[in-house]
Amino acid sequence: MSRMVHKKRRRLIFGLLSVTALILAGFMLLVSVDADLYVQPSDIKNKNIQIGEDFRLGGMVEAGSHSKAADGLTHLFRVTDCAENISVSFKGMMPSLFREGQGVIAEGKLDENKVFIASRVLAKHDENYEAKGTKPKGDAFKDGTCKHPSDTAYSY
């Protein structure tokens, strides 16, 4: 009888530890996903992002800022949140929806010249999409001189 109670107790303790471990793992996963959100140009100083640290940059491609280098594969543009902007360099094929004045997410890191070296660029998939953390900031957005694409009326 005592042996059966001991066996049940061990199963109960093992079950409780397993459930606790699953809950802890889920919590840690949620925290790590939350830490991977996009950083806007004006938040780079506030978040104390170091040179060479990987992060995701979110914002809009500043109008008139996109150009290609002489090699034809390196794209240069600025990402803005209407308060600050940051120069971005990306070598590779741009997504077909990449355009100036549209939202963009870039993955990469800052170099020593404070240029964001993107290893991957994601363009938004339609005019109503607004990635979390890419809403413009600053007075230029508030007074209307800098508009987010979702605020622009489109005609087809």
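This is a predicted model: local features need pLDDT of at least 70, side-chain atom pairs count only at pLDDT 80 or more; totals for chains, interfaces and linings use all residues.
Biologist: In what order do the elements of the chain run from the N terminus on?

Modeller: The chain contains two helices and seven strands. Read from the N terminus on, the order of these elements is α-β-β-β-β-β-β-β-α.

Biologist: What share of the residues in the chain is buried?

Modeller: A residue is called buried when its relative accessible area is under 20%. The chain has 156 residues, and the buried share of them is 31%.

Biologist: Among contacts in the chain between residues at least 6 apart in sequence, what share joins residues at least 24 apart?

Modeller: The contacts considered here are those between residues at least 6 apart in sequence. Among them, the share that joins residues at least 24 apart is 53%.

Biologist: Is Arg 10 buried or exposed?

Modeller: Arg 10 belongs to helix 1, which covers residues 2–34. Together with Arg 3, Lys 7, Lys 8 and Arg 11, Arg 10 gathers in a patch of positive charge on the surface. The relative accessible area of Arg 10 is 56%, so this residue is exposed.

Biologist: Which parts of the chain does the salt bridge between Glu 107 and Arg 56 link?

Modeller: In this salt bridge the closest N and O atoms of Glu 107 and Arg 56 are 3.2 Å apart. The two residues are 51 residues apart, and the pair links distant parts of the chain: strand 6 (residues 103–110), which holds Glu 107, and strand 2 (residues 54–61), which holds Arg 56.

Biologist: Are Glu 107 and Arg 56 buried, partly exposed or exposed?

Modeller: Glu 107 has a relative accessibility of 17%, and therefore counts as buried. For Arg 56 the relative accessible area is 27%, so Arg 56 is partly exposed.

Biologist: Which residues are linked with Glu 107 in a network of salt bridges?

Modeller: The count of salt bridges comes to five. One of them is the pair of Glu 107 and Arg 56. The network that includes Glu 107 links it with Arg 56 and Arg 120.

Biologist: How many residues apart in sequence are the parts that Arg 78 and Glu 62 tie together?

Modeller: The side chains of Arg 78 and Glu 62 meet in a salt bridge, at 2.7 Å from N to O. Arg 78 lies in strand 4 (residues 74–80), whereas Glu 62 lies in the loop between strand 2 and strand 3 (67–68), so the pair ties together parts whose separation in sequence is 16 residues.

Biologist: Which residue forms a salt bridge with Asp 71, and where does that partner lie?

Modeller: The closest N and O atoms of the salt bridge are 3.9 Å apart, and the partner of Asp 71 is Lys 91. Asp 71 lies in the loop between strand 3 and strand 4, so the pair ties together parts 20 residues apart in sequence, with Lys 91 in strand 5 (residues 85–91).

Technical notes: Residues are numbered from 1 along each chain as its sequence is written. Side-chain values use heavy atoms; hydrogens and water are left out. Helices (H or I, at least four residues) and strands (E, at least two) are DSSP runs, numbered from the N terminus. Buried means under 20% relative accessible area, exposed over 50%, partly exposed in between (1.4 Å probe, protein chains only). Contact means heavy atoms within 4.5 Å. Patches are made of residues with over 30% relative accessible area and no salt bridge: like charges are joined within 9 Å, nonpolar side chains (Val, Leu, Ile, Met, Phe, Trp, Tyr) within 5 Å. Accessible areas come from the Shrake-Rupley method with a 1.4 Å probe; for residues, only the protein chains shown count as cover. A salt bridge is a side-chain nitrogen of Lys or Arg within 4 Å of a carboxyl oxygen of Asp or Glu. Lys and Arg count as positive and Asp and Glu as negative; His and the chain ends are not counted. The place of a charge is taken as NZ of Lys, CZ of Arg, CG of Asp or CD of Glu.
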